[in-house]
Amino acid sequence: MVNSCCVRGCNNESYPGSHFSFHGFPKNENQKLKWQNVVPGKISKSSVVCSAHFKCDDFVSGYIRRMLKPDAVPSIFPKVVSSEKRIHVLSKIRIQEGPALKTIKLQESVTKELSIAESISTQTVSAATSATPRKKKLRREVKVLQQRLKRRNTTIDNLKCLLKIIKKKCDNYSEVEQMVQHNFENIHTNLNTTKSKKSNKYTDEMKSFALSLYYYSGKAYLFLRNRIPLPHPATLRRILSTHKCNVGFMTEVMEFLKAKAENGEINVALIFDAMAIKASKQYDKGSDKYWGGVNLGGILTSDSEKFATEALVFQIVSLKEKFACPIAYFFIDKISAHVQSQLILTAIRMLSDINIVVRSLTADGTQVNIKTFEILGCNFTLANIKTYFDHQIKGVIPLYCILDPAHMIKLARNLFAETCLSSEKGDIKFEFIQKLHDLQEEEGLKLKNKLTRVHVDFFGKKMNVKLAAQVLSSSVADAIDYLRSIGHPSFAGSEATVEYLRYLDRLFDILNAKNPVGVGFKSPLHLQNKHVWTQVFEETRQYLTKLKVDGKNVMTHRRKTPVLGLIIDTYSFAELASEMFDAGMTYLLPYKASQDHIEMFFSCVRARGGTNDNPTALEFMFIMRKLLFRNSVRPSVNANCTNLDYENSAILEFRSAKRSIVEDNNTKENETDKSDVLMHLMDRTNLSNYKNNILYYISGYIAMKILDKLTCEHCRALLISHRTHRDHDYLIDKIKRISHVHPSSDESHELELIKCIGQKYLSLRLKSYGKSLTLKHMGDKATLRQKLHKTVLFSNV
């Protein structure tokens with residue numbers, strides 16, 4: 001039911017989103033009589049009065065819904081004038097004719113018409129048959145303006161009442177004012193400003209928002225840019241191109257770290273890992289190179305003809321501050337331990353030169369990484385175990401090697417589920433985990449654990465750390481132990497399994513501590529609880545070394561990696577903590593040396609374009625450069641590792657290309673000599689009639705592409721000709737895929753135009769060649785869609 005105000009001259013009605021509230025006449029006879037004496041117009045049982053006729057003090061404060069005070073009486077009413085005077089005034093209103101009839105400028109026409117509307121009556125004029133369409137239209141526009149004015153006045157009155165309430169209840173009004181300004185002063189200026197022809201100066205938050213949105217989706221960026229002021233995509237690309245971030249140790253990052261470490265040395269953990277990339281050769285016009293082959297950044301020799309299948313990334317994480325950034329990346333294909341050790345030593349030396357001290361080295365548990373640690377000087381035999389090596393850059397500093405605890409816990413879960421594991425108490429069976437899940441599904445309630453079907457059938461998500469940690473948890477151990485204690489037949493003989501779960505859960509909580517104010521086993525390592533974590537480390541080492549797999553000691557089995565890795569971590573973290581306490585740190589968070597940081601960085605890389613796929617080598621280069629700028633890109637919630645506090649560190653500065661220009665003092669080659677050689681080669685070229693036809697078509701294709709960017713009429717006239725060539729008409733008529741233009745056969749082409757044509761042709765040809773190399777590498781795996789790409793016409797020219 002639509003409520004309309006009964007006051008004569010008021011046209012307010014209730015509709016969704018209306019700013020007015022409507023109030024019926026009071027039931028109290030005395031109060032109702034007061035309303036009837038002041039309200040002009042016809043009054044019935046269902047009559048209501050809108051909130052525009054009451055003062056702000058007539059409403060009860062503190063309620064979202066407007067409620068009148070018991071003694072409130074409407075007191076605000078419009079002045080009523082004759083309809084003839086109203087029509088006479090309306091006839092004087094002039095509105096701009098043309099396409100702008102539907103939109104009225106607020107700064108000129110609206111203010112003028114509002115002043116007229118305020119001086120006339122709001123009484124509705126009956127629709128006379130003699131009223132012209134122009135008068136009807138003017139009446140509707142005046143009504144809209146009146147409603148807009150009333151809504152504005154109501155909003156102002158409400159805000160005034162709110163400020164009065166705040167002043168009464170708050171002793172210190174200046175603090176409230178500062179809080180409101182701090183939280184809301186930039187919303188209008190950042191998002192609701194209109195676009196202007198002058199260049200906009202964007203805040204750091206808006207720059208971060210623009211880069212993040214453009215990183216995820218270019219189409220979404222263009223869609224949003226039509227509604228709020230954002231930099232043009234070409235501006236973003238131009239700014240990003242000011243930094244190269246080439247393969248190897250990135251110079252831009254090293255310069256940033258050098259400036260950051262000027263005030264004192266920084267202790268960091270060096271983490272490295274490889275991410276799978278698509279094996280593909282691609283031509284980059286900017287660098288004039290093919291990318292996709294093995295590339296070690298010029299540090300060591302590599303076979304560039306061999307396709308790269310992985311990107312090896314080095315990342316540092318500060319042990320004291322909240323800071324992490326990649327420092328280098330390489331394109332590899334099954335790297336050897338010897339080459340990897342040389343790259344690590346180079347990274348340690350370069351970081352030491354800029355006052356950054358590497359204290360630990362973290363990797364996953366592959367055999368190449370274990371062999372790399374042994375080449376560097378570690379010894380992983382239990383009799384003479386040594387989990388560190390010394391590097392002598394600025395004195396002898398021990399560098400502790402760590403096999404990522406999260407990776408080890410996943411391998412320990414796999415060992416638990418896929419082998420016959422046993423301890424001194426009996427067999428350790430994954431069967432009890434399955435029975436616990438089935439029982440909970442049957443009963444419909446859980447015994448305070450997070451087991452689901454994915455935890456039991458985890459083979460599709462073996463890399464997910466969260467699933468492994470929730471299986472090897474004390475909550476699962478408590479549930480199984482409880483069911484055994486009450487005599488449930490399915491859980492008889494589960495003592496060894498419960499013991500295995502408790503040991504691994506306690507150890508992983510210590511090795512994965514990330515909260516400085518954590519409690520229990522999740523607290524950081526410090527001197528006050530040293531006796532706790534040293535005892536846990538010692539007990540766990542003794543327990544793990546006594547485990548058996550298929551009747552053999554686990555240290556002699558081929559799947560010993562999780563046990564060996566956890567033992568190495570207990571030694572490394574204990575000695576690293578003591579070393580950092582001597583260096584002045586009050587506590588150590590083991591999570592700082594975790595590989596989760598680089599895994600989440602890889603998740604951000606895969607999120608490019610809104611997908612979750614591995615990029616090519618060239619795409620990885622561009623993504624790496626984008627992520628070094630300040631952005632709000634976050635890892636996927638479905639990533640192998642998750643951290644709600646993850647944040648990319650801003651390394652590069654977001655600034656225009658003009659501010660980043662570096663003068664190039666290299667001498668230019670003689671362009672005249674180049675043109676002479678080019679013209680000489682063209683004169684000596686003899687082609688068959690068949691090749692002439694194909695080249696004629698290609699030249700027309702290139703001419704069409706160049707015409708889109710040419711603004712000089714003289715150059716356009718030189719490039720094309722409108723006369724037809726009979727020798728080539730057959731091929732032109734047969735090929736209908738693109739709108740073709742006839743290339744000019746004029747010999748007076750200028751040198752710059754020739755260079756432009758040559759660059760366009762070479763770009764097409766080189767991209768086609770890179771595509772052919774990729775298809776050759778793929779062999780029978782290449783699909784028909786990959787073979788019939790858009791540059792296939794240029795593959796044999």
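Close-up 1. The structure holds 15 salt bridges, each a side-chain nitrogen of Lys or Arg within 4 Å of a carboxyl oxygen of Asp or Glu. This is a predicted model, in which local features need pLDDT of at least 70, side-chain atom pairs count only at pLDDT 80 or more, and totals for chains, interfaces and linings use all residues. Residues are numbered from 1 along each chain as its sequence is written, and side-chain values use heavy atoms, with hydrogens and water left out. In this view, the side chains of Asp333 and Lys306 meet in a salt bridge at 3.5 Å, N to O. The pair links distant parts of the chain, 27 residues apart: Asp333 sits in the loop between β8 (324-332) and α10 (337-353), and Lys306 in the loop between β6 (289-291) and β7 (310-318). Helices (H or I, at least four residues) and strands (E, at least two) are DSSP runs, numbered from the N terminus.

**Close-up 2. Helix α6 against helix α7.** Here α6 (residues 204-216) and α7 (residues 218-225) pack at an angle of about 135 degrees, their axes 5 Å apart. Axes are lines fitted to C-alpha atoms, for helices over the stretch in contact, and angles run from 0 to 180 degrees between N-to-C directions. The two helices are therefore oblique to each other; angles under 35 degrees count as roughly parallel, over 145 as roughly antiparallel, 65 to 115 as roughly perpendicular and the rest as oblique. Look for Phe209, Ala210, Leu213, Tyr214 and Tyr216 of α6 meeting Gly218, Ala220, Tyr221 and Leu224 of α7, where contact means heavy atoms within 4.5 Å. These residues divide into 8 nonpolar, 1 polar and no charged (Ala, Val, Leu, Ile, Met, Phe, Trp, Tyr, Cys and Pro count as nonpolar, Asp, Glu, Lys and Arg as charged, and the others, Gly among them, as polar).

**Close-up 3. Helix α13 against α16.** Helix α13 (residues 431-443) and α16 pack at about 80 degrees, with axes 11 Å apart, which makes α13 roughly perpendicular to α16. Phe432, Ile433, Leu436 and Leu439 of α13 touch Val476, Ala479, Ile480 and Leu483 of α16.
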